[in-house]
Amino acid sequence: MSVDPLRISELGAEPDAVVRLLAYFDELVESSADADRVLRIATEAAECPLGVRWVSPTEPEVWLERTGAGHPLDPVLADRVRHALRMAASRVGARVQLGDPALLELVLSDNELPAERARAIRLLGLDETREIRVLAVSAGSPAEALRVVVRELGDQPVRSVAIGADTALLCYSSEDARTLSDRLDAAIIAAFPPPLPAHIGRGPWVGIGAKTTVFGAATSWRQAQRGLRFASSTHYGRRAVAYERLSALELLADLPSEQVLRHHDVARINAIASTPAGAHDVDTTEAFCVLGSLRRTAAQLHLHHSTVAARIAHVEAAMGWDLADPIDRFTATLVLFVRRIALSSAELTDAGPTGVG
């Protein structure tokens with residue numbers, strides 16, 4: 001365009017301002033601008049991110065994702081952007097997928113050139129000045145499970161795409177990792193309290209990547225996937241796990257699941273858990289290692305403390321552990337922890353071992 005860039009904050013609501021805005025976008029259309037250029041110039045003019053969704057092969061919906069008070073000419077600007085995108089689509093003879101999940105895949109990919117990721121970011125209308133997080137939500141959950149997660153993220157725009165076995169959610173974020181993960185965890189447990197009936201499934205598991213700029217979304221996505229491996233749906237497990245809270249525990253995510261499940265201690269635990277009574281004994285011992293006392297474990301599992309003690313004693317006898325000894329207590333906690341990661345990872349990839357845990 002040959003004219004100076006236009007900013008909507010420079011305009012009032014008088015007729016002359018409307019004419020100027022119309023002329024600005026008419027010149028953009030006459031320049032045969034493609035959709036990428038239309039959206040970039042329109043975002044600069046609007047001074048806020050734009051959202052676009054195609055409702056037919058050549059008909060887009062456009063909205064301004066403005067925080068605070070709107071401008072009187074916002075509807076006019078949105079209409080002109082819609083017209084310019086419609087013209088761009090008609091020139092290429094196919095829908096320009098500005099709202100396509102494939103664009104979000106580009107943003108989350110490590111394999112794309114930086115220029116391609118930057119283009120996808122602009123086409124999605126993402127605000128480059130705001131911090132984002134990426135969440136990984138496990139597949140195979142009820143539809144309501146994903147709605148619970150999205151609802152807890154508030155009224156902010158959320159972009160989503162299915163990648164492999166998980167759903168990626170990209171959202172703007174100002175909360176710290178502890179606050180967000182605790183809030184999501186509580187909401188998921190409230191919607192899907194343990195023990196979960198078999199016909200319900202396990203509800204969602206969520207991994208939460210660290211805050212970053214939108215250009216670092218691929219890193220946040222990888223972190224979210226690693227956090228997801230630490231989630232579980234047990235009475236004492238975490239449904240939402242933030243990568244930033246893992247610290248050195250993150251190293252355990254690199255252990256090959258097959259190797260973990262073949263380890264002699266894990267194999268013995270799985271053998272115990274292969275019967276209904278043994279599974280109760282192992283789950284109770286795992287809960288005790290997490291919660292730290294008979295009383296808390298009994299309260300969490302809704303059992304008498306003598307029942308908890310008896311179940312733990314069965315596992316101690318079978319494994320040769322004495323959980324009153326600090327070294328044995330640490331060993332038991334570590335064995336049960338890596339086993340839980342392996343089981344969760346196997347379930348996430350639909351390759352779960354048969355009937356253990």
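## Aromatic pairs

Across the whole structure, which is a predicted model, a search finds 2 aromatic pairs, where rings of Phe, Tyr and Trp (its six-membered ring) pair if their centres lie within 6.5 Å, and where planes under 30 degrees apart count as stacked, over 60 as edge-to-face and the rest as tilted. One of them joins tyrosine 24 and phenylalanine 25, edge-to-face, with 5.6 Å centre to centre and 80° between the planes. Both tyrosine 24 and phenylalanine 25 are buried, a term that stands for under 20% relative accessible area, with exposed meaning over 50% and partly exposed in between (1.4 Å probe, protein chains only).

The rings of phenylalanine 230 and phenylalanine 337 have centres 6.0 Å apart and planes at 45°, and the pair is therefore tilted. Because phenylalanine 230 lies in the loop between α8 (217–228) and β7, and phenylalanine 337 in helix α14 (residues 326–348), this pair ties together parts that are 107 residues apart in sequence. Phenylalanine 230 has a relative accessible area of 11% and is buried, whereas phenylalanine 337, with a relative accessible area of 29%, is partly exposed.

## Glutamate 250 and its surroundings

Glutamate 250 lies in the loop between β7 (240–242) and α9 (257–262), and it counts as buried because its relative accessibility is 18%. Leaving aside residues up to four places away in sequence, glutamate 250 touches Arg226, Phe230 and Tyr243, contact being defined as heavy atoms within 4.5 Å. The side chains of glutamate 250 and arginine 226 are joined by a polar contact of 2.7 Å, that is, a pair of N or O atoms within 3.5 Å, of which, within protein, one must be able to donate a hydrogen and the other to accept it, while residues adjacent in sequence count only if both atoms are side-chain atoms.

Helix α12 (residues 294–301) packs against helix α13 (residues 305–319) at an angle of about 105°, with the axes 8 Å apart; axes are lines fitted to C-alpha atoms, for helices over the stretch in contact, and angles run from 0 to 180 degrees between N-to-C directions. That angle makes α12 roughly perpendicular to α13, since angles of 65 to 115 degrees carry that description, those under 35 count as roughly parallel, those over 145 as roughly antiparallel and the rest as oblique. On the α12 side the contact is made by Leu294, Thr297 and Ala298, and on the α13 side by His305, Val308, Ala309 and Ile312.

In helix α5 (residues 114–123), the buried residues are Arg117, Ala118, Ala120, Ile121 and Leu123, and what covers them includes α2 (35–46) and α4 (101–108). Glycine 125, which follows α5, has a positive phi near 70°.

## The chain as a whole

The protein chain has 14 helices and 7 strands, taken as DSSP runs numbered from the N terminus (helices H or I, at least four residues; strands E, at least two). Of its 357 residues, 46% are buried, and among contacts between residues at least 6 apart in sequence, 67% join residues at least 24 apart.

## Basis of the values

Residues are numbered from 1 along each chain as its sequence is written, and side-chain values use heavy atoms, with hydrogens and water left out. In this predicted model, local features need pLDDT of at least 70 and side-chain atom pairs count only at pLDDT 80 or more, whereas totals for chains, interfaces and linings use all residues.
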